[in-house]
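Here are a few notes to read with the model open beside you. They go residue by residue, then turn to one helix.

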Amino acid sequence: MPTITIDNQRVTVPEGTNVLEAAKKLGIVIPHFCYHEALGAVGACRLCAMTFLEGSDKGPKLKGVHMSCMVTARDGMVVSTLDEESADLRRHVIEWLMMNHPHDCPVCDEGGECQLQDMTVAGGHGIRRYRGLKKTYVNQDLGPFISHEMNRCIQCYRCVRTYQDYCGGTDFGVLGCNQRIYFGRFRDGTLQSPFSGNIVDACPTGVFTDRTYRFRARPWDLEEAPSVCPHCSLGCAVIPGARYRELQRVRAGVNAKTNGFFICDQGRFGYGHANRPDRPRSPRLGEREVSWPEALGALRRELEIIIAEHGSQAVAFLGSSRASLESNAQLLELARFFGSENFALEIDPERDRAARTTAALLGECARSQEEVRRSDFVLLVGADPLNEGPMMALAVRQAVRAGGSAALIDPRPVELPFAATHLPLSPQNLPEVLKALAEERFERFSARERTVLAGISARIKEAKRPVLIGGGNLLGSSGAQLLIEAARAFSRGDRACGAALLLAGPNSFGSALLAAQSPGPDRLLAQMQEGRIRALLCLESDPFADHPEPGRARMALSRLKLLAALDYLPTETARRCDIFLPTTAPAESAGTYVNFEGRMLPFGSVFDPGVPIQITGGGDHPPRSFEAHTPGSLPRPAWAALAALRGDSLSLAHIRRNLQRSDARFAGLAELEEGGEGRRVNGAGQMPGHGPELPKHPSAEGALRLVVTECLFGSETIASFSPVLDPVRPAPVVRLHVEDGVRLGIHDGEKVRLRTELGDLAVEVRLCEAMAPGIVVLPRLRQGEWEIFVPGVHRDCILQKEGG
């Protein structure tokens, strides 16, 4: 590793580090705008000038003033940031950049965290000498998320490099004529990229700001803490900010092992669930609000009565992949306390089996987002990363940008932000494809399919860092097992083939580890139908909405004598339960998620629960009346409420120590720091039992296979309760192959009736060629009649023209 000297201080840095980053390691801050760790160096702003006094023995001699972001550190370099020549250049450059910048810091949302403010002072510019006219621009309406103030632009190009280069967006860029440069769209309109909010973080000035947070608070007024995004299984680092008991924004955190520097728009703008006026905030017995001691006492008495009458196995406990590791662990402790073996940590049977299979088998094949970004070939099988784990799509894009390649085997018309070979095969053929790839036997496929599969197999073998990525919803348990086995088959002594499974929730992997001895949700539901289970305690789970057979689930739930729920969302289960205990939202409590690769990621509490002042004051501030208690402050962390049911009062640190002491797989949990890189679990889970298999072909003549898929802004539970996302929720349309449309006489855009075993829907059809024939792709949309369709492969469906 090279050792260089900067301002008489020596530093050793990894190969490939530029001099600007080397200076940062010494605590020397050199003004810069265009450089960003995730975007690299382009030398556009000309602000990071340093004087190179001595070159290196290796490579060409380098002396004089150069842009430090563009120079790679080489052993023996001697550099000065204090030399008058480079300091004078920085002063002039910052003065040029500030010539057209408006004096609007007091009303700019970037104030207080503005890189331009900091770098102007650092560059030595304090007094403006320019008195001429300034260039001005017309701002654009970029949609509900981003505010545009083009007059503040300093032409650093970070926004374009983030939106286009890193994220793959195509509807935003740089336009120019004569001596004017404009960053925006050809015309007003909502930015189409699902990563559009990242230009807010990337912009060093106030050109692009968070519209949902506009004029709400200054950064120094916010309560913030390192956290983990709760919207999918990737475990991206985020930093929520709250004020006046209201979650007001979420910005990207930095974790090199997971998301790097950026996040998706669902993670950034899906925070409204914590502020909803209809959020349940008080313990309840039936419809009556009660105190915590009364609710806990009543719940414990009811459980004890049922156990006395029917035995301890008459009580069941249902956890959730959106509940923290500590909360699910306390739910299992509660089950043991009451002597019950009936518990499950996921209501969807196939999602449960897929997560438990992944936790049992992934092991050394696990790959992080960082490792995916560095891979040279990625094969996606049954995975739709933009909708199931958006930042995974960006990770694969970075691999492709760096010279790698990608391929996709999926029945759906999957949209990707990178070029990839797409082989659309029916969902029932995906397991056979994985077997064929592992065994290199493609005889049963068509000539075209054999050619594509042979090419994919060859690319996996040639790659030095290949990764196979699957989707848990479409592959299920058996597909997840075959994907991991294929990765092992492609591994050889000198290099390993990695694997990754996109799971349902932020703690799906952690729940799967804990659920080793679980009978599974199938058995719980069967025993509820038979009347053997008389009470069910749900932890942040909604069995009314999330079981793939809603009619069966409702019938089973109706037979219960007691239904109790702990949650922070106004779900149907929370509304209909007999006893309700309010829990804190993820930003209101600390905990740990175990992400899709098995990485333990602790998160901190940002603010205490309470009804936002905006609601209690009717929009006025300061409040006109005062009370002895904070309105809406009753929610407790789920782990604390569950411990209290046993009569214990435990701290989070105590729960973590107990967990790592009793289960070696969680070794090191108690020592992990919030905002750190996390740590992979040390061990595996247990394989689940086999579930029922769907028939390979539709049973009725003319029937099609129904494939229900996630959609980014309409499927995920927590984000579905965020009003901020309402303007971008997708229209309810189904996809059908062109050949099937011709056969059925259905035209693009036509309204038809979708008939399924779950019920009928009036739908609009979009015809598509980039998908497998014989299927209907239907998005899962919550808060409506489409909510009953849970992601995964369902049975037959029929499309019938109106009046047919």
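**Notes on the model**

1. Start with the contacts of A298: leaving aside neighbours within four places in sequence, A298 touches L285 and I579, where contact means heavy atoms within 4.5 Å. A298 sits in helix α7, residues 292-310. Helices here are DSSP runs of H or I with at least four residues, strands are E runs of at least two, and both are numbered from the N terminus.

2. Before going on, a word on the basis: this is a predicted model, in which local features need pLDDT of at least 70 and side-chain atom pairs count only at pLDDT 80 or more, while totals for chains, interfaces and linings use all residues. Residues are numbered from 1 along each chain as its sequence is written, and side-chain values use heavy atoms, with hydrogens and water left out.

3. Is A298 buried or exposed? A298 counts as buried because its relative accessibility is 10%; buried means under 20% relative accessible area, exposed over 50%, and partly exposed in between, with a 1.4 Å probe and protein chains only.

4. Next, have a look at T573 in helix α20, residues 572-576. T573 has 0% relative accessibility, so it counts as buried. Beyond four places in sequence, its contacts are C538, S541, D542, P543, F544, L563 and A565. With D542 there is also a side-chain polar contact of 2.5 Å. A polar contact is a pair of N or O atoms within 3.5 Å; within protein, one must be able to donate a hydrogen and the other to accept it, and residues adjacent in sequence count only if both atoms are side-chain atoms.

5. D7, with phi of about 50°, is in the loop between β1 (3-6) and β2 (9-12), and is buried at 16% relative accessible area. E440, with phi near 55°, is in the loop between α13 (430-439) and α14 (447-462), and is partly exposed at 43%.

6. Last, helix α23 (residues 652-662): which of its residues are buried? They are L652, I655, R656 and L659. The buried residues pack against α8 (325-337), α16 (508-514), β26 (591-594), β27 (599-603) and α22 (638-645).
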